[in-house]
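This dialogue concerns how features of a structural model may be read. Please consider the structure shown here.

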Amino acid sequence: MNTRDIVTAVHAVQAAIVANEAQIESLDRAIGDGDHFINIRRGCEAIVALKPDLLPVPPGEAFKKIGMKLLSTIGGASGPLIGSFFISMGKELEGIAEPDTKQFAAALAAGVDAIKTRGKADVGEKTMLDVLIPTSRLLLRLAGEGSDRGTLCAKLKQEAEENMLATRDMIATKGRAHFLGERALGHIDPGAKTSQVAVFAVCDMLTEGAAS
Amino acid sequence: MKKFVNDVDLLLQESLQGLAAAHADLLELHLDPTFVTRKRAARKKVALISGGGAGHEPLHCGLIGQGMLDAACPGQVFTSPTPDQMLAAADSVDNGQGVLFIVKNYAGDVMNFQMAVEMMDRPCATVLVNDDVAVERSTHTTGRRGVAGTLVVEKLVGAAAEMGASLDQCKVLGDRVNSRTASMGVAFTSCTVPAAGRATFDIGEGEMEFGVGIHGEPGRRRDAVRPAQELVDELMAAILGDLKPAAGSEVLLHVNGFGGTPLIELYLLYHCATKVLAKEGVQVARSLVGNYTTALEMAGASLTVTVMDEEMKSLWDAPVHTAALRW
């Protein structure tokens, strides 16, 4: 993976988020405060516009730049959480010109850890972590086993989807949805949905890239 | 959605430009990053900075000026501002006495201010306001929300800072005012975030959200609208149950409109609330009625009670000169 892949992935995630606008928005209106989509889209647009600054730098630095940019454009609770995620990924990849799958998996785990720490949340609390934690753990395991890219991406997508759907039956104790208590039962968490959409977009981009 | 908008992405900036122009004697607007400061920088005092999502006007930008805030960082509507805004505001208004951030207890605001504090290399402290008794702290780990009581904290700490209180003293005072302040509100209608274009929540004719937050987020329950006195009785029971003021206590009673309820109703609520306090043997020493911590055009109101002592009364009475509050 190099910085060009990261930029391509950013474009893929942005397109996927926009394509899922209606569903993400209606989930957030049901149990959030209605601004999740707008904030994420604003962040995606800022990163796409950052492309010229990203291309000349190594992946670690690119992730840090992405994190700092998101921190100053998204706002809300998502800004510090997603900002910390990329900044920590960047720190983990410092000095690595072309990280391999194992190195990328370790960076992703560090990023997810940063969200846990900053948000003081863990799995089972009806947040984006319900998708990110198990998916990142699975990637670490599969990377260690040396899975091929196609298998790895298919399994990651399955893991992300199942865990996204599982948030439907959770009672939120973190995030905006927690103000609703049991009233949020029966609704998928919008942050978990966005995370699943992002995992799918990156996996699809990677497997399409491998096929071509 | 019918709103006065040119380009929804420019709404906040154009509104701030109007605010700064209308109060050109008081305010100065800085863009990229966005923050508002006093026109004439204060000399030798702790710099008070607040901020939060827009949509609660006049909070916080309308409370900048002598006797209150030195700067405020507005975020997009109902979206927390970002650390770069807070750092730039601190650079602009810190005059060597340190910076006190006054933050409403919402996850986004807390995290963004926290990151600013981590990145800052000057003396600073944070007062976290969590006056809303609707959401119980025991079952919600992020705790109670910060709502209309924030104005009381900003006014009292603002007065103390103006009189030369140190950063530590301001922090202690802010925490004390917060611990003696409790609020709760009711909404009759939703609000519409301009960028979203639709009502934040659906609510039937004849229904109310009891214990609503200042973004239209749910409170304790959805219920049928009842006579005002009954609603006030229940709100005050929750507020006084939290504060437990001794008989004979003096309080500040603040009736806050959410933006869509006329003053005639807010004064009616004030009347109802004084009856409850009189019954409890609590004396209203100071009052404030009006739209100060709003939720865009939401119809509804909140009640805030602060248990006052002599020092707090004199700080409340101290001169203040801001766009929205002045005496």
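Q: How is the relative accessibility of B:Arg226 to be read?

A: Burial classes rest on relative accessible area, computed with a 1.4 Å probe on protein chains only: under 20% is buried, over 50% is exposed, and partly exposed lies in between. B:Arg226 has a relative accessibility of 27%, so it counts as partly exposed. B:Glu234, at 26%, is likewise partly exposed. This is a predicted model, in which local features need pLDDT of at least 70 and side-chain atom pairs count only at pLDDT 80 or more, while totals for chains, interfaces and linings use all residues. Residues are numbered from 1 along each chain as its sequence is written, chains are lettered from A and ligands numbered from 1 in the order in which they are written, and side-chain values use heavy atoms, with hydrogens and water left out.

Q: Which residue meets the side chain of B:Arg226 in a salt bridge?

A: Side chains of opposite charge can pair when their charged atoms come close. The rule asks for a side-chain nitrogen of Lys or Arg within 4 Å of a carboxyl oxygen of Asp or Glu. The partner of B:Arg226 is B:Glu234, with 2.8 Å from N to O. Through shared partners, salt bridges join B:Arg221, B:Asp223, B:Arg226, B:Glu230 and B:Glu234 into one network.

Q: How many salt bridges does the rule count over all chains?

A: The count comes to 28. One of them pairs A:Glu94 with A:Lys64 at 2.8 Å, N to O. A:Glu94 lies in the loop between helix 6 and helix 7 of chain A, and A:Lys64 lies in helix 5 of chain A, so this pair ties together parts that are 30 residues apart in sequence. Helices (H or I, at least four residues) and strands (E, at least two) are DSSP runs, numbered from the N terminus. A:Lys64 is partly exposed, at a relative accessible area of 27%.

Q: Are B:Glu217 and B:Arg145 buried or exposed?

A: Both B:Glu217 and B:Arg145 are buried. They form a salt bridge whose closest N and O atoms are 3.9 Å apart. B:Glu217 is in the loop between strand 9 (207-210) and strand 10 (221-224) of chain B, and B:Arg145 is in the loop between strand 7 (124-129) and helix 4 (149-162) of chain B, so the pair ties together parts that are 72 residues apart in sequence.

Q: What area is buried between chain A and chain B?

A: The size of an interface is often given as the accessible area lost when the parts come together. Here the loss is taken with a 1.4 Å probe and summed over both parts. It comes to about 2,500 Å², of which carbon and sulfur atoms give 58%. In terms of contact (heavy atoms within 4.5 Å), 29 residues of chain A meet 36 residues of chain B.

Q: How many salt bridges does the rule find across the interface of chain A and chain B?

A: The rule finds two. B:Arg198 and A:Glu25 meet in a salt bridge of 3.5 Å, N to O. The elements giving two or more residues to the side of chain A that touches chain B are helix 2 (21-31), helix 3 (36-49), helix 5 (59-73), helix 6 (78-92) and helix 7 (101-119) of chain A. Helix 5 of chain A gives the largest share, four residues.

Q: How is the aromatic pair of A:Phe63 and A:Phe86 to be read?

A: Rings of Phe, Tyr and Trp (its six-membered ring) pair if their centres lie within 6.5 Å; planes under 30 degrees apart count as stacked, over 60 as edge-to-face and the rest as tilted. Over all chains the count comes to four aromatic pairs. A:Phe63 and A:Phe86 are stacked, at 6.0 Å centre to centre with 20° between the planes. A:Phe63 lies in helix 5 and A:Phe86 in helix 6 of chain A, so the pair ties together parts that are 23 residues apart in sequence. Both residues, A:Phe63 and A:Phe86, are buried. Ring pairs link A:Phe63, A:Phe85 and A:Phe86 into a cluster.

Q: Where is B:Thr293 found?

A: B:Thr293 is in the loop between strand 12 (283-290) and strand 13 (300-308) of chain B. Its relative accessible area is 0%, so B:Thr293 is buried. Leaving aside neighbours within four places in sequence, B:Thr293 is in contact with residues including B:His56, B:Val147, B:Ile214 and B:Phe258.

Definitions and conventions
Buried area = accessible area lost by both parts, 1.4 Å probe.
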